Amino acid sequence: MEDLTEIRKVLQGKSIFVGDILDPKALWVKVKRATIPHGRIQGFIFPSLPPSVRIIRSKDIPGKRTMTFGRVEIPLLNESEVQYIGEPIMLLVGPDPEVLERISEQIVVLYEELPASVDFPSDEEEQKKAILLEKTIQRGNPDIAFEKVHTILEREYTTGFQEHYYSEPHGAYVHWDNEATTLDIHTASRWPFHVHRVVKECLALPWELVSVSIPEDPDTSLDGKFWYPSLVSAHAAIAAWLTRASIKYLYSREEDFLFTPKRAPSIVRLKGGIDKEGKIEVLEADLQFNMGAYPVFAEELLDRAIYALGALYGCPHIRIRGRVFISHLPPAGAFTGMGGSQSLFALEVFSDEIRQLLGSSPIEWKALNLASKQRPSPWMANRKPFTPPVNLLFAVQKASDFERRHAALELLRKHREQNPESSEATEYWEGIGIALGGQGAGFFLDREHRAKVELRITKDRRVFIHTSAVPGSYALKSIWKKIASQSLGVPQSDIVVEPIRTNYTQDGGPSIFSRNITLITKLIEQCCSQLKKNPPENLPAQVVKSLDPRYARSWNRDEFLGNPFTAISWAAAVVEVKIDPLSLTPKIEHVWMSVDAGRILDEKEARRTIELGIAQAVGWTLLEHVFYVEGRIPHPLFWNYRICSPVDLPTPYIEFLPIDDHRSVKGLGELALAVIPAALVNALSQALGKRIRAIPYREGGS
Amino acid sequence: MVITLDLNGKEETLDIDPSLRLIHLLRYTFGLLGTKEGCLHGHCGYCQVLLNDQMVLSCLTPAFYTHKGKVLTIEGFRGTPEYYDIEKGFLEVQYTPCGSCASARVLLTHAILQETLHPTEQAIRKRFTAILCRCTDPSRLVEAVQRTAAIRRHRQHAV
């Protein structure tokens, strides 16, 4: 019997977020932020301060004054050279948030303005200055291959920023109690251990004196809370430490929208060489990402993007140059489909352009070019080959009748173009598009962050699951309980998935990239199967399992050798659209997806996850416009920002085909982001009779 | 200014600042935290409550506007048979919105079913554009509301 207590609590409005913690004694924090994109701070002019307000500056931080991510150092408070509009300069602490707001406006920061770059660098000189990371991966000999091919096509694709739009803006509550043995921080984070580490370092405290807890209610859109909560929590913890008071610190939705990380935009230039039979022989790519002032996990993003470009097709000669640029914008980076979704959008629109040039049908061209044992992808020389299954293509073709519809709509479009006065030209224009893609499960830094599960069974047969992971949904918790229940013969109501205790469990890394469903689920299964062997008279008992990161150790990220992922899931999507010829506004008519995500543990939840991904992908492709003008998001964008709503999406057809490996549990949260944008854009291009190469789409592709 | 309102079935009289928003009256004066504060700009729709049986954005509604009115929040609704129809309908189809928008979704479902017990898919989708959240798969939402409608029809028929 499924335990529904937690879900009932949500429906009854009993979820508690940071904003719901009412502590009348708690002080508030306001961040004084930079107002120019790049400049050296020369000094400040302070107004007279009421005694209840305290200003906290960088020099007041008792411990480390930066957060470190690989080669990136982020100042907790930057009083020297500000790098983006909105960068935190100092903190104001006091009992009344309105007073803090007013004083913050009265503080004058004197800057020496420095040149700011906010876009992708356009010439070599600028590129040299702005580059953070560059990597070139080559297989075969592309230069010679280009000389031999029959046809060459070169195109450029761009993708934009995307706002996370999580349910509660960033915030943290720090409880101060003179008698307490730990400093307790409550924040929503995908990586509470990282919050713990940053707070411990900035306050110069031993690990055991800090404790981080997260809200019980899992937030499905927590990707934006990957690393930024560490900065917010550090600010709150510093304020609590220095004022000896509890702190409540919550960004406004607008502040969050304007200054916190977004999906990183990309430019992907592709040059493909095709032989006489229509096979892609050679692919050259120039991948660029603008990750703002502080590119956190730049290499992870770049590697995923490079991998995605080579994962689908059997192309013997490739050269992929990937670059991450810094700029004077707020940090941009992790979002569902990190790096891979930008690459796959470009690759799958490019492949549609190639087949159009050759006059082939999309399915025929893809089937001819998909990687296989006979015609391996560049990465299939690695020890464990991951092959995109061609049957997914045939399944989605069968479900959508794609070939026939595509051919019919092509004829209609041609007729319309030749007869602009005909009724077909004035009614809705229709188009249908297809795309393939995949997602890899696992974090490239798994070798450093070992996921861990501890499973205890008490004498009265109650089971406690303690993990190093943040479950992203109730359904996931429910899946874990179901596994333990079935394996150990204990009712689900007697199984507890315990909240994370960062001062008790080791750092298991962030709960992203489907690590929960792949790694944690596997570890729970292993714990259960070991406990099952335990004789009933030997209770209580406890088993601890942690990830053996063999696959992660095998991955050579400089040469792209070995296995980067625990598993790869694949999907094919078809999208059909209608466009109003007057407004050029598109409407999605149908979505079909065939998915190979291995063993599906809960089909309803799997469908839900895919559909949430489709909504996010449609938002990124069509609706969600974020851009910066001179380093600042124009104000109206906040008011007009629109994510996908129920009228924007039809009910999708989703089919699960465990073709590749029906035993493994794989991830599927990023699959829609891998395939929907390109399928949708290919459909729009057919409907408009004009190729779209940039998202988000603007009416008519202008 | 002094206002009197029916809040979750109980008459309340209080002296308020005219600039007070309804959401802050509910959350901070009465501690009704089930009404979530999303954007404070009327954008996300998480803060919606029923005022005189109509859904309103409590962040954009001045508290004085409720004078002599009837306000229903999730706290007042969750003990009613109508609430249990919704809970049952949502759970039967495994529809689990997040804690930020759940209260607004439950109340909006109630408002829709007050108007008709046979809501169409199109009508449901249109009404729920008033709540913007990344947590919801629209097809499951439609299924949940229609399942709830069936449960309520059955219950009312039984009565």
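This is a predicted model: local features need pLDDT of at least 70, side-chain atom pairs count only at pLDDT 80 or more; totals for chains, interfaces and linings use all residues.
Residues are numbered from 1 along each chain as its sequence is written, chains are lettered from A in the order in which they are written, and side-chain values use heavy atoms, with hydrogens and water left out.

Let's start at the interface. Here 44 residues of chain B are in contact with 46 residues of chain A, contact meaning heavy atoms within 4.5 Å.

How many salt bridges does the rule find across the interface of chain B and chain A? There are six, a salt bridge being a side-chain nitrogen of Lys or Arg within 4 Å of a carboxyl oxygen of Asp or Glu. Arg608(A) pairs this way with Asp137(B), with 3.8 Å between the closest N and O atoms.

Ala, Val, Leu, Ile, Met, Phe, Trp, Tyr, Cys and Pro count as nonpolar, Asp, Glu, Lys and Arg as charged, and the others, Gly among them, as polar.

Now for the cavity. On a 1 Å grid over the protein atoms alone, a cavity is a set of points where a 1.4 Å probe fits but cannot get out, and lining residues have an atom within 4 Å of a point. The second largest cavity has 19 lining residues, and nearest its centre are Ala308(A), Leu344(A), Gly438(A), Gln439(A) and Gly440(A). Its lining divides into 10 nonpolar, seven polar and two charged residues.

Note on methods
On a 1 Å grid over the protein atoms alone, a cavity is a set of points where a 1.4 Å probe fits but cannot get out, and a pocket is an open set with protein on both sides within 12 Å along at least five of seven lines; lining residues have an atom within 4 Å of a point.
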